[in-house]
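Me: I have a structure open and a few things to ask about it. Can we go through them one at a time?
Reply: Go ahead and show it.

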Amino acid sequence: MKKLKFRYALRIEFDMPVTQHSFTVRCLPVSDERQAILQQNIHILPKEFLSENRDSFGNIYFFGRTEAPHNLFEVVTEGIAQTGLAKGTKAEEEYRLGMFLGQTFYTKPDEALKAFFDGMKIPAGTRLQKSQFIMEAIREKFAYVSGVTNISTTAAQAWKMKQGVCQDYSHIMLSLCRMAGIPCRYVAGMLIGEGLSHAWVEIEEDGMWYGLDPTNGTEVLEDHIKISHGRDYEDCLINQGVFTGLAKQSQSISVSVMEEVEEKKEGKEKHDHINSQCTSSSR
Amino acid sequence: MEVRERIDLLERADIVNSLLARYGVKFGIYKNNTFHEQLFPFDPIPRVIGKEEFAYLEKGLKQRVQALNLFLKDIYNEKKILKDKIVPEEFIYASSGYLAQCEGIVPSKGVFSHISGIDLVLGKDGVWYILEDNLRVPSGASYPMIARELCRRSSPKTFQSVSVADNRSYAELLKKTLDYVNTGGLTVVLTPGRYNAAYFEHSYLAEKMKVPLVSSHDLITENDKLYFVDYSGKKEQVGAVYRRISDEYLDPMNFNHESVIGVPHIFDIYRKGNVAIVNAPGNGVADDKGIYYFVPKMIRYYLGEEPILHNAPTYLPYYEEDMTYVLENFDKLVLKDVAEAGGYGVVFGNSMSSKQKEDFLVLLKREPRRFIAQEVIDFCDLPIQEKGEQFERKADLRAFVLSSDEPVVWKSGLTRFSRNPDSFIVNSSQGGGFKDTWVLNQ
Amino acid sequence: MGVKSVEHIDRLYWLGRYSERVYTTIKLYGKRFDSMIEEDAEGYEEFCQSLEIPNIYTSVEDFREKYPFGRDDPNSIYSNLMRAYDNAIELREEIGSETLAYVQMAVYELNKAAISDAPMIEFQNILDDTLAFWGIVDDQIEDEETRNIIKLGKRVERIDLYGRLRVDRASMRREVHRINGRIDRSGLRYNKQALARINELIEEEDLNYPEIVREIEKILEV
């Protein structure tokens with residue numbers, strides 16, 4: 001069990017004022033059996049209108065609109081989460097899991113990924129054991145390299161390059177697990193010591209969802225704070241927007257997660273100007 | 001048909017067609033990437049449905065639409081039909097019409113398919129067969145509606161001698177359907193704009209219902225509500241949107257992010273229950289060509305009744321025994337790609353060359369879920385009139401079922417015919433024409 | 001109907017303007033057409049000047065073809081009628097199918113005129129359709145604002161054209177007096193200064209036509 005202090009900050013700067021900016025942000029962790037959110041708050045600026053709701057997967061999201069011209073859009077959430085309260089979270093009944101078995105735009109395999117799947121000798125065992133085997137098989141062939149892939153890269157495309165980031169690891173793992181008939185889902189969240197948002201997968205076994213982090217080859221226990229889940233990256237978009245104006249935008253995300261202990265160890269903080277987990281499109 | 005002899009309307013075809021031109025009864029079509037407006041060719045010989053025959057269709061259509069509405073509610077909520085394994089779940093989740101975003105949503109008053117366009121054909125065996133269900137944005141009601149108005153004007157004698165149920169109350173029926181689910185505020189028709197194929201219909205129905213026709217930029221969302229903004233900046237709350245925009249383009253924040261014809265966050269307002277979207281998003285899962293096979297099962301499952309109307313005999317290569325049947329009887333079947341619409345992706349087994357057949361079979365065996373196979377129904381052809389002579393052509397019937405507290409079947413329908421004597425395809429986008437559909441009062 | 005979007009207001013106004021432009025330019029063209037039956041004179045130059053449109057025509061035949069029917073000529077009667085039509089077609093539920101029909105029929109007539117050796121017959125039908133259109137606007141459109149915005153467009157366009165064509169003072173004064181009575185009923189916000197200035201200008205003995213045109217073009221700028 002760990003007590004993690006987290007902060008997620010997103011900053012979008014426009015080189016010209018934009019108006020009629022509609023946005024949706026999905027960046028607030030939700031309490032479940034594995035993690036309890038002890039305290040948190042969110043600031044969104046500017047916001048003329050703001051609403052809160054839960055999406056079809058149960059994730060919290062905020063949506064709103066700003067009519068007045070602005071050059072900056074900022075979202076900051078911070079709080080304290082207690083993690084590792086349980087190994088897994090309760091899953092839906094088996095007959096409701098079908099949507100996590102079907103391939104999506106991001107996870108649909110091509111011939112090469114199918115061939116890799118066919119060549120894997122997945123041993124008999126539980127879904128979790130099989131998934132762990134798949135995770136190891138991916139990690140043997142795939143390397144963490146940032147800047148090679150982007151937010152629209154599919155599992156098949158990333159697999160061709162054998163390089164990518166957490167989003168790619170997760171999509172490839174989802175693709176393979178789904179080929180093996182294992183219900184699994186994409187998770188967006190934060191990881192201790194990581195300066196960007198993170199992604200991993202959850203596997204369903206015996207009525208429970210268990211997290212596996214293919215980027216790090218670990219189980220998801222107490223170092224991860226989960227924000228949202230869905231079929232793939234698309235369902236877990238942290239930020240989306242449409243606005244009027246011809247502005248170019250530059251976006252920076254900074255995440256910090258550190259353990260709250262007596263000595264107050266500083267978490268690493270990193271800024272990234274690459275569009276890593278966010279999309280925005282102009283109208 | 002004795003009725004046909006009593007109508008002098010047939011001599012007035014040119015007058016009716018010139019009146020249709022006067023009122024701009026057109027549909028849009030893209031040829032070589034440029035937009036054209038075309039008159040929708042009208043044939044004066046009506047399809048006539050007797051009172052009793054219509055009563056039978058009415059009963060069957062209501063039953064079918066009731067079951068489809070229950071199915072949609074179930075699929076996006078309890079999923080009993082999956083639990084009980086009546087429909088295999090991969091048929092749901094692989095359907096392009098299924099939208100996970102709709103999970104857990106029950107729309108205003110629980111209605112999903114407010115306006116259902118059910119396509120039927122009459123077989124030579126005298127049996128009506130359902131061809132397909134259209135539960136997304138079925139179009140076409142405006143054409144027989146205005147054609148009737150103009151036929152009555154052109155040939156009052158005809159309507160004196162034959163007692164035909166008036167179909168011009170469609171707009172009232174539609175308005176009542178929209179008002180029933182309205183969550184408070186204006187009712188509007190949302191159009192993607194005049195370059196949409198069915199723009200005439202959008203504007204005509206708005207006129208006849210006396211409600212505003214709006215585009216996405218007239219609507220905004222604020223504080224969990226949807227508003228129409230007028231020229232002075234005043235905001236009026238909107239409670240029901242009869243949208244003629246497909247799900248994909250409805251809301252760039254929830255569906256296709258590139259859509260510029262959608263209203264940002266309209267779906268979020270809908271999720272909160274503060275506006276009715278008609279028809280409900282996600283309905284495509286129920287009118288999928290693959291799901292069609294299961295509709296008779298749905299009727300038995302949800303209503304505990306035997307289906308009154310029949311599907312065309314359909315096989316799902318997904319099931320092994322059906323695959324065997326399809327392979328053995330390939331030449332007498334029509335094969336349909338479930339992902340295609342508008343008459344595309346339809347092939348007849350006997351019209352393929354051996355090479356085409358070979359290629360097709362490879363595809364079929366690799367992706368059996370993608371196809372359905374149907375017996376070719378021997379349609380009852382309908383007479384059409386061209387330059388004073390009559391010819392027989394393939395025709396279908398789109399019946400409209402409007403669901404509010406009770407489903408109501410519009411006493412008319414759109415009869416489309418193929419103008420090409422060798423074609424089975426009646427879609428307006430592929431050059432077909434239309435007829436009025438008369439339901440006799442006695 | 002009550003609620004109207006900015007776009008609809010704009011379309012109503014321009015529908016009024018283009019219907020007037022089509023009507024008045026057809027009448028002018030009719031006179032020119034008549035005089036061109038015998039003479040081959042290059043009178044079309046003067047015609048272009050009077051309307052302040054660029055003379056892009058290379059011969060009388062070219063003028064006779066392009067000015068009325070030219071699809072790519074933004075000043076042709078065809079282009080003006082199509083702009084009226086493009087606005088009208090997006091206003092069906094606002095103005096009614098019966099009203100829209102007259103604009104639609106004018107389009108059919110123009111297409112017929114283009115292949116006719118006596119196009120003035122079809123042009124006469126377009127004038128009839130336009131007059132019927134204004135009549136039905138007056139008679140059948142229940143919503144007062146809708147009606148008055150179309151009519152305001154028509155009046156503004158007429159003053160604009162009369163200014164360019166330098167019509168006599170009495171005709172100009174009549175049109176300005178008509179707009180004075182119309183503009184408040186449209187419910188639109190307008191440039192009160194411009195209107196006051198136009199009223200001053202028509203009191204002068206020698207009308208300053210260019211200034212009247214400039215002022216009337218600013219009438220909805222607020």
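Me: How many residues of chain B are in contact with chain A, and how many of chain A with chain B?
Reply: This is a predicted model. In it, 27 residues of chain B are in contact with 20 residues of chain A.

Me: Which parts of chain B supply that side?
Reply: Helix 4 (80–83), helix 5 (89–93), strand 8 (219–222) and helix 11 (266–271) of chain B each supply at least two residues. Helix 5 of chain B gives the most, with 4 residues.

Me: And what classes of residue are on the side of chain B that touches chain A?
Reply: That side has 10 nonpolar, 6 polar and 11 charged residues.

Me: What about chains B and C, how many residues are in that contact?
Reply: Chain B puts in 18 residues and chain C puts in 17 residues. On the chain B side, helix 2 (13–22), helix 9 (199–209) and strand 7 (213–214) each supply at least two residues. The largest share, 4 residues, comes from helix 9 of chain B.

Me: How does the side of chain B that touches chain C divide by class?
Reply: It divides into 9 nonpolar, 2 polar and 7 charged residues.

Me: Which pair of chains has the most contacts?
Reply: Chains A and B, among the 2 pairs that touch. Chain A and chain C have no contact, and their closest C-alpha atoms lie 16 Å apart.

Me: Changing topic. How do strand 1 and strand 2 of chain B pair?
Reply: Strand 1 (residues 26–31) and strand 2 of chain B pair in the antiparallel sense, over 6 bridges. One bridge links B:Gly28 to its partner B:Glu37 in strand 2 of chain B. The two strands form a hairpin with 2 residues between them, and B:Asn32 in the turn has a positive phi of about 45 degrees.

Me: Why does strand 2 of chain B lie largely in the open?
Reply: Strand 2 (residues 34–39) of chain B has 6 residues and the number buried is 0, so it lies largely in the open.

Me: What is the order of the strands in the open sheet of 4 strands in chain B?
Reply: The order is 13-16-14-15, with antiparallel pairing. Strand 13 (314–315) and strand 15 (346–348) of chain B stand at the edges with a single partner strand each, so one side of each has no neighbour in the sheet.

Me: How many bridges join strand 13 and strand 16 of chain B?
Reply: Strand 13 and strand 16 (residues 371–375) of chain B pair over 2 bridges. B:Tyr315 has B:Ala373, in strand 16 of chain B, as its bridge partner.

Conventions. Residues are numbered from 1 along each chain as its sequence is written. Chains are lettered from A and ligands numbered from 1 in the order in which they are written. This is a predicted model: local features need pLDDT of at least 70, side-chain atom pairs count only at pLDDT 80 or more; totals for chains, interfaces and linings use all residues. A residue is buried if 20 or more other C-beta atoms lie within 10 Å of its own, exposed if 12 or fewer, and partly exposed in between; C-beta atoms are placed from the backbone. Two strands pair if DSSP finds at least two bridges between them. Two residues are in contact if their C-beta atoms, placed from the backbone, lie within 7 Å. Ala, Val, Leu, Ile, Met, Phe, Trp, Tyr, Cys and Pro count as nonpolar, Asp, Glu, Lys and Arg as charged, and the others, Gly among them, as polar.
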